[in-house]
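Colleague: I am new to this structure and would be grateful for a guided account of it. May I put some questions to you once it is in view?

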Amino acid sequence: MRVSAASAEQAADGVLGTVRVEVEEARILASLADQLQALLADALETGTERDGALGRLLPDAYRHDPELADEWRQLSRRGLVDRKIGFARTLSTALAPIAAASAAADVALTEAEALDWVRGVGDLRLVIAERMGIIVDGDEGTFAEPGLRDVYDWLAWLQDSLVRLLEESDDARRAAEAR
């Protein structure tokens, strides 16, 4: 996987950057994004208490006031879940054709799509961190399912690369406006 800034020609068409995705990477990331969508959809039916990962994805506001927390959940939960499902769906939709193909391909991302990818990948990292017992950045976790740490680190790299792409675009926009 490689994240690159858009060419001048792509940028003129509204493309922020591209992500070069290998077939196996697309299959893994699309599968994780699909699982995330299912997990979030379940949260609307069953609540967040049965799965700590849902507690991380959909934390309670007003932790010290149960009445306000319950009111906040009733007013905002569905919208928050819908937005998070949308972020994951952006990943799935972009990666599905590559996952079904036999060769790597580029995914061109607009700024909005790159933001959805950052948010979706961040949500995937939260779920994996919960499964690994990672509480804060720098923790190694207590559960070591083979390969899970590698996936977590790979997602961290992808998220960081996308954030850098967004920052570089923002810096370039400010420089152009200053001229």
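Colleague: At what angle do helix α4 and helix α5 pack, and how far apart are their axes?

Modeller: This is a predicted model, in which local features need pLDDT of at least 70, side-chain atom pairs count only at pLDDT 80 or more, and totals for chains, interfaces and linings use all residues. Residues are numbered from 1 along each chain as its sequence is written, and side-chain values use heavy atoms, with hydrogens and water left out. Axes are lines fitted to C-alpha atoms, for helices over the stretch in contact, and angles run from 0 to 180 degrees between N-to-C directions. For α4 (residues 66–99) and α5 (residues 111–132), the angle is about 110° and the axes are 8 Å apart.

Colleague: How are α4 and α5 oriented to each other, roughly parallel or roughly perpendicular?

Modeller: Angles under 35 degrees count as roughly parallel, over 145 as roughly antiparallel, 65 to 115 as roughly perpendicular and the rest as oblique. The angle here is about 110°, and α4 and α5 are therefore roughly perpendicular.

Colleague: Which residues make this contact, and how do they divide into nonpolar, polar and charged?

Modeller: Contact means heavy atoms within 4.5 Å. Helix α4 contributes K84, F87, T90, L91, A94 and L95, while α5 contributes E113, D116, W117, R119, G120, V121, D123 and L124. Ala, Val, Leu, Ile, Met, Phe, Trp, Tyr, Cys and Pro count as nonpolar, Asp, Glu, Lys and Arg as charged, and the others, Gly among them, as polar. The division is 7 nonpolar, 2 polar and 5 charged.

Colleague: Which residues have the most contacts inside the largest nonpolar core?

Modeller: A nonpolar core is a set of buried Ala, Val, Leu, Ile, Met, Phe, Trp, Tyr and Cys residues joined through side-chain atoms within 4.5 Å. The largest has 45 residues, and the elements giving two or more residues to this core include β2, α4, α5 and α6 (148–178). Leaving aside neighbours within four places in sequence, L91 is in contact with L29, A33, W117, G120, V121 and L124. The residues with the most contacts inside the core are V21, L29, L57, L91, L95, W117 and L155.

Colleague: In what order do the strands form the sheet?

Modeller: Helices (H or I, at least four residues) and strands (E, at least two) are DSSP runs, numbered from the N terminus, and two strands pair if DSSP finds at least two bridges between them. Strand β1 (residues 2–5) and β2 pair in the antiparallel sense over 4 bridges, with V3 opposite V19. Strands β2 and β3 also run antiparallel, joined by 5 bridges, and G17 has L109 of β3 as its bridge partner. The 3 strands form an open sheet in the order β1-β2-β3.

Colleague: Why does T18 count as buried?

Modeller: Buried means under 20% relative accessible area, exposed over 50%, and partly exposed in between (1.4 Å probe, protein chains only). T18 lies in strand β2, where 4 of the 5 residues are buried. Leaving aside neighbours within four places in sequence, T18 touches R2, V3, S4, Q10, D106, V107 and A108. T18 counts as buried because its relative accessibility is 10%.

Colleague: What pattern does the protein chain follow along the sequence?

Modeller: The protein chain has 6 helices and 3 strands, and buried residues make up 38% of its 179 residues. Read along the sequence, the pattern is β-α-β-α-α-α-β-α-α.
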